[in-house]
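Subject: Structure for you to look at

Hi,

Here is the structure I promised to hand over. Please open it next to this email and follow along.

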Amino acid sequence: MNTVTETPDLANYLAAVRRELGDLGADEVDELTGGLEADLADALDGSDRTPEGMFGPPEAYAAELRAAAGLSPRGAKRVPQLDIRPRIAAAKAWLDRQPWGPGVKAFGETARPLWWAFRSYVLYQLIVQTLSGTRQRAPESEVQWLLLVVLVIGGIELERRKWFSSDRFRRGLVGAADLLAVGSLVLAAWLFVIPNYSVVGLVPVGIDGYTNASSMPESGPVEGVTNGGRLVHNIFPYDSEGNPLQGVQLFDDQGRMLVPSEKTYSEGMSDVSVNPAKGRDGRDLFNVYPLKETLSGWDEDGNEIPATTRDAKASSRLQYPVGQDDPQPTATATAGPTPTLTETAEPTPTEPGDPTPSAELTETPADGDEG
Amino acid sequence: MDTTQLLKGVLDVAVLAVVAQEDGYGYDVVRRLRAAGLEDVGDASVYGTLRRLYAGGSLTSYVVPSDEGPHRKYYGITPLGRQELGEQRQTWAAFADTMSGLLAGSTGNTVPLERRRRTGSEGTR
């Protein structure tokens, strides 16, 4: 027994073995070499052979170890991946121990084709949404129906017939589709579980996490002005005549600035951000409307456009002249039709209840029943 | 015949059988396998197999500290491991029967080619 002289040899040998396993994750190395020192020391116990003489070169020893452990040889290209197989196996073992385990397993087995079909549906959604950019749950054209049917049948047959002799390719394909489908399920569950999420109905069982850039975010109070649940980028004020106003400062009833709830948004391929006005004290004021916009990004042809600042343009001309709520309506009630009035009648102020011969004035509300 | 090649296919079930008898640490399992007649079994192959079976849920493991030296990692069998052992035992029995029958039937080397083929195909059923 010569433990004293053996130990450094053994430690060196083990270190060399560990080095050979260096391309594996630290957890895997620990897992592989945990307890190994005791095993090797036991094997060497009572022998005067060196570790190398007993077990062979450390490289070969490490190679044998990893091969037996089902790991790829050193130098083989390792795709960094989470190996979830042990966990799945452990979960299965746990399931087996439950009294209801076999029932659940049997149900799962029976329901598997359902999963295959769902997987294909997710793939279909991905393809259709990518190509058409539209979002709908069910196919809307014959071509889309055909695509869906082909994908579903293909997905089921892929499993049923174990297509593709190259097993790795098949497994990769199926694995990717599974991952995609699981991801979309998680996403869908997440979106549906969020309470008060008003656009749930719009969310397809789909891939993209966005619903609409201008819709409410999933949770939390929104900073700034919203309109019917939609984020507001800019505000266009008009005067009573319908003329656009500039530099209008808006505050709420408590004197807080009304600022846009979304200061940057996408418009096609480009990004638009609204610019604050500068206060006298140099502060950025986001409540001075309409805010100017800066456009950056790419145009439709994919060319990068230099950042340009422009006046914001109202999406359409929805503003109208308004009648004013004046306690003495007679003087101003005819503000709208004034031009015609000057042509047809004397612009003398009219007394209330005093009808003038002008036809236009029959529209004024005062004493309407006389005409 | 090179028994190391044969061992590769049955090392899992051999290790499961040894651990099913009694929990053991790495070198202990090696020793018991060798004592049982598998003298060619390689240390590292057994250790790797133990780790793999553990990762697959067939074995559990626990560490036993030692006063004299490094701690020992013991392995025990899980219900899943027992189930696998049972299945593999049956597979092995059927396979061994088949091979024994096949090899016993071919002791005379004057069997015509056609009959030999028939025996062979029957044997693998």
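Among contacts in chain B between residues at least 6 apart in sequence, what percentage join residues at least 24 apart? The figure is 46%. Please keep in mind that this is a predicted model.

**The two chains**

Start with chain B. Chain B has 5 helices and 3 strands. Along the sequence, they come in the order α-β-α-α-β-β-α-α. Chain B has 125 residues, and 34% of them are buried.

Now chain A. Here there are 11 helices and 10 strands. Chain A has 371 residues, of which 29% are buried. Take the contacts in chain A with a separation of 6 or more: residues 24 or more positions apart account for 52% of them.

**A helix contact between the chains**

Two packed helices are described by the angle between their axes and the distance between the axes. The crossing of H3(A) past H3(B) is right-handed.

Which residues meet here? From H3(A) come Leu36(A), Asp39(A), Leu40(A) and Ala43(A). From H3(B) come Asp43(B), Tyr47(B) and Arg51(B). Sorted by class, this contact of H3(A) with H3(B) holds 4 nonpolar and 3 charged residues, with no polar ones.

By class, the contact of H1(B) with H3(B) has 7 nonpolar, 2 polar and 2 charged residues.

**Aromatic rings**

How many aromatic pairs are there over all chains? The count is 10.

Take Tyr25(B) and Tyr74(B). Their ring centres are 5.3 Å apart and their planes stand at 65°. Planes over 60 degrees apart count as edge-to-face, so this pair is edge-to-face. The pair links distant parts of the chain: Tyr25(B) is in strand E1 of chain B, residues 24–25, and Tyr74(B) is in strand E3 of chain B, residues 72–77. The two are 49 residues apart. Are these two tyrosines buried or exposed? Tyr25(B) is buried, and Tyr74(B) is buried too.

Tyr74(B) also forms an aromatic pair with Tyr62(B). This pair is stacked, at 5.7 Å centre to centre with 10° between the planes. Tyr62(B) lies in strand E2 of chain B, residues 59–64, and Tyr74(B) in strand E3, so the pair ties together parts 12 residues apart in sequence. Tyr62(B) has 35% relative accessibility, so it counts as partly exposed.

Tyr13(A), Phe55(A) and Tyr61(A) form one cluster.

Best wishes

Technical notes: Residues are numbered from 1 along each chain as its sequence is written. Chains are lettered from A and ligands numbered from 1 in the order in which they are written. This is a predicted model: local features need pLDDT of at least 70, side-chain atom pairs count only at pLDDT 80 or more; totals for chains, interfaces and linings use all residues. Side-chain values use heavy atoms; hydrogens and water are left out. A crossing is left-handed if the near helix is turned anticlockwise from the far one by less than a right angle, and right-handed if clockwise. Helices (H or I, at least four residues) and strands (E, at least two) are DSSP runs, numbered from the N terminus. Contact means heavy atoms within 4.5 Å. Ala, Val, Leu, Ile, Met, Phe, Trp, Tyr, Cys and Pro count as nonpolar, Asp, Glu, Lys and Arg as charged, and the others, Gly among them, as polar. Rings of Phe, Tyr and Trp (its six-membered ring) pair if their centres lie within 6.5 Å; planes under 30 degrees apart count as stacked, over 60 as edge-to-face and the rest as tilted. Buried means under 20% relative accessible area, exposed over 50%, partly exposed in between (1.4 Å probe, protein chains only).
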